[in-house]
There are 2 protein chains.
Amino acid sequence: MTPRAVDALEQSDIIVGYNTYIALIKDLIGDKEVVGNGMRQEVDRCQKAVDLAVEGNKVAVVSSGDPGVYGMAGLVLELIQKVDAQKRPECIVIPGLTAANTSAAALGAPLMHDYAVISLSDLMTPWNQIKKRADFAAQGDFVIAIYNPKSRGRATYLNEIRDIVMKYRKPETPVGIVRKAGRPGMNWTITDLEKLPDEDVDMQSTVIIGNSNTYVADGKMITPRGYKL
Amino acid sequence: MTPRAVDALEQSDIIVGYNTYIALIKDLIGDKEVVGNGMRQEVDRCQKAVDLAVEGNKVAVVSSGDPGVYGMAGLVLELIQKVDAQKRPECIVIPGLTAANTSAAALGAPLMHDYAVISLSDLMTPWNQIKKRADFAAQGDFVIAIYNPKSRGRATYLNEIRDIVMKYRKPETPVGIVRKAGRPGMNWTITDLEKLPDEDVDMQSTVIIGNSNTYVADGKMITPRGYKL
């Protein structure tokens with residue numbers, strides 16, 4: 001967490017966020033007013049934050065990782081646009097460490113070359129579009145960071161993506177799986193495309209698939225930048 | 001800068017880095033030993049850091065943004081592999097805020113959907129490969145974050161990439177240009193693919209090209225996540 005994010009919390013009157021994330025920062029919130037709610041209630045939550053800001057409150061909307069990557073920043077900005085111009089509150093997005101980067105650091109240095117970030121959540125994106133994106137990213141030899149790789153309703157998605165990538169990459173291409181990236185209990189496994197289906201991957205995991213040059217040495221996943229050594 | 005990065009500097013005996021970056025953190029370094037050098041001397045610098053660590057020093061290698069994205073993390077890990085296993089020093093990569101995310105926050109929320117990160121530096125990557133990657137990213141409708149968009153030796157590269165993206169996206173697709181992302185003097189412009197060639201873009205800029213749904217409202221560049229509003 002950056003000092004800018006801590007400052008923003010301190011300077012806010014009201015903290016709005018998903019209950020699970022609010023719990024992670026409870027020491028920083030003190031006795032400030034909190035508006036928390038559950039999963040899949042993002043629109044309600046952010047609308048409430050905008051309404052409170054229109055009423056004159058300084059409101060901090062909490063998002064995990066980077067609020068600008070599959071987080072709340074876009075939704076808040078979209079909802080603010082619906083407020084009459086004269087009443088529209090100012091909104092500052094404070095960048096954070098997104099799971100791709102936090103996970104990469106744990107694994108070694110897999111994102112040292114061009115990379116693509118893809119979410120497998122099909123709640124708001126058609127599954128066919130997600131598969132097409134994965135195909136293009138695989139063809140382009142991008143390192144691929146996968147968010148929301150699995151949940152109860154989408155148990156096979158990660159394996160379908162793995163099959164797409166294997167059309168273009170060797171079975172021994174390294175794959176890193178990081179669970180709870182940047183949170184207490186973070187842990188990781190390095191495997192390869194071939195063995196990926198045997199691994200334990202859940203909704204809270206981030207999966208990083210190497211490009212054609214990525215290798216594993218001494219337990220670290222490394223994508224060479226191209227320096228002559 | 002995260003507290004973890006500050007802690008690492010404080011706990012180190014020797015700080016190694018590119019002179020320009022060392023200057024940015026001189027207040028944090030105090031009177032510690034510093035090994036700085038110039039541009040394109042990355043291998044020398046990181047080899048020196050590894051040698052000093054093998055000798056028993058705690059060494060911090062400084063990199064701008066996220067060391068794991070086109071930074072020094074991979075090079076250090078590659079060089080460490082060349083040290084005899086018994087003498088090999090431990091290396092911890094501390095993730096940071098990379099320019100894509102810092103720039104996105106300044107512009108609004110352009111990275112709210114799947115995105116690709118591409119460097120246009122052809123010092124170590126063939127220009128044809130870079131163009132092919134941009135083509136796949138454009139076809140896949142990824143938001144595209146471009147690093148190292150221009151330098152004296154590569155004045156036309158960004159325009160070539162823009163022409164590739166325009167094969168698949170409308171001329172009015174929003175484009176954000178952020179100069180000095182996350183550093184003193186940061187400033188930005190929002191334009192579109194059509195007018196991009198008229199803009200002032202330098203080596204220190206990050207360019208973010210929206211996907212087919214990205215729009216600009218009230219001076220903010222927003223890529224909708226897909227919530228029904």
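A helix is here a DSSP run of H or I with at least four residues, and helices are numbered from the N terminus. The model to which this is applied is predicted.

**Exercise 1.** Determine in which helix B:Asn101 lies, whether B:Asn101 is buried or exposed, and which residues B:Asn101 touches.

*Solution.* 
Step 1. Helix α6 of chain B spans residues 99-107, and B:Asn101 belongs to this helix.
Step 2. A residue is buried if its relative accessible area is under 20%. The value for B:Asn101 is 2%, so this residue counts as buried.
Step 3. Leaving aside residues up to four places away in sequence, B:Asn101 is in contact with A:Asp66, A:Val69, A:Pro95, A:Thr98 and A:Asn101 of chain A, and with B:Leu111 and B:Tyr115 of chain B.

**Exercise 2.** State how many aromatic pairs are counted over all chains, and characterise the pair of B:Trp127 and B:Tyr157.

*Solution.* 
Step 1. The count over all chains is 7 aromatic pairs.
Step 2. In the pair of B:Trp127 and B:Tyr157, the ring centres are 3.6 Å apart and the planes form an angle of 10°. Planes under 30 degrees apart count as stacked, and this pair is stacked.
Step 3. B:Trp127 lies in helix α7 (residues 127-139) of chain B and B:Tyr157 in helix α8 (residues 157-166) of chain B; the pair thus links distant parts of the chain, 30 residues apart.
Step 4. B:Trp127 is buried, with a relative accessible area of 14%, and B:Tyr157 is buried at 13%.

**Exercise 3.** Find the ring over which the charged end of A:Arg133 sits, and the ring over which that of B:Arg133 sits.

*Solution.* 
Step 1. For A:Arg133, the ring is that of B:Phe142, with the charged end 5.7 Å from the ring centre.
Step 2. For B:Arg133, the ring is that of A:Phe142, at 5.8 Å from the centre.

How values were computed:
Residues numbered from 1 in each chain as written. Chains lettered and ligands numbered in written order. Predicted model: local features only at pLDDT ≥ 70, side-chain atom pairs only at ≥ 80, totals over all residues. Heavy atoms only, no water. Phe/Tyr/Trp six-rings, centres within 6.5 Å; stacked < 30°, edge-to-face > 60°. Helix = DSSP H or I, 4+ residues; strand = E, 2+ residues; numbered from the N terminus. Buried < 20%, exposed > 50% of the residue type's maximum accessible area, 1.4 Å probe, protein only. Lys NZ or Arg CZ within 6 Å of the ring centre and 35° of its normal. Contact = heavy atoms within 4.5 Å.
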